[in-house]
Amino acid sequence: MLVVRSTALFLVAAVFEIGGAWLVWQGLREHRGWIWIGAGVIALGAYGLVATLQPEGEFGRILAAYGGVFVAGSLAWGMVADGYRPDRWDVIGALVCLAGMALIMYAPRSR
């Protein structure tokens, strides 16, 4: 159950962080204005809040593992929002990152 909760929190965090960064990008680079930028800043703040809800208590471990989710999520976001077409190396790289995330977060540890 903790793995399911943790995975769900990683996905929600990815939507907030990647979505927030995308909104800021749209506001600045695509000249959509300050409302887009402000919405992005709020979403980025929400990402920080969601990250604190992870059941694991080690900040460094959570953020390191989240890096794998961020890589894969960014490629997925680009596909949906911008029509980006990842090549096989993008996909392989994202899978390696997700495998690393799983090792960091869910490998059995002796305490």
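Some ground rules before we start. Residues are numbered from 1 along each chain as its sequence is written, and side-chain values use heavy atoms, with hydrogens and water left out. Since this is a predicted model, local features need pLDDT of at least 70 and side-chain atom pairs count only at pLDDT 80 or more, while totals for chains, interfaces and linings use all residues.

Let's begin with helix α1, residues 2–29. Helices here are DSSP runs of H or I with at least four residues, numbered from the N terminus. The 28 residues of α1 should span 40 Å at 1.5 Å a residue, and the end C-alpha atoms are 39 Å apart, which agrees; the expected span is 1.5 Å times one less than the number of residues. After α1 comes His31, with a positive phi near 55°.

Which helices do the buried residues of α1 pack against? They pack against α2 (34–51), α3 (59–82) and α4 (88–106). Buried means under 20% relative accessible area, exposed over 50%, and partly exposed in between, with a 1.4 Å probe and protein chains only. Among those buried α1 residues are Phe10, Ala14 and Gln26.

Gln26 deserves a stop of its own. Its relative accessibility is 6%, so Gln26 counts as buried. Setting aside neighbours within four places in sequence, Gln26 is in contact with His31, Arg32, Trp36 and Asp82, where contact means heavy atoms within 4.5 Å.

Now to the largest nonpolar core, which has 13 residues; Phe10, Tyr66, Val69 and Met101 touch the most other members. Each of α1, α2, α3 and α4 supplies at least two residues of this core, and α1 gives the most, with five. A nonpolar core is a set of buried Ala, Val, Leu, Ile, Met, Phe, Trp, Tyr and Cys residues joined through side-chain atoms within 4.5 Å. Take Val69: beyond its neighbours within four places in sequence, Val69 is in contact with Phe10, Ala14, Leu98 and Met101.

For a contrast, look at Val80 in helix α3. Val80 counts as exposed because its relative accessibility is 75%.

Last, how many salt bridges does the structure hold? There is one, and it joins the side chains of Arg61 and Glu56 at 3.3 Å, N to O. The term means a side-chain nitrogen of Lys or Arg within 4 Å of a carboxyl oxygen of Asp or Glu. Arg61 is partly exposed at 21%, whereas Glu56 counts as buried at 17%.
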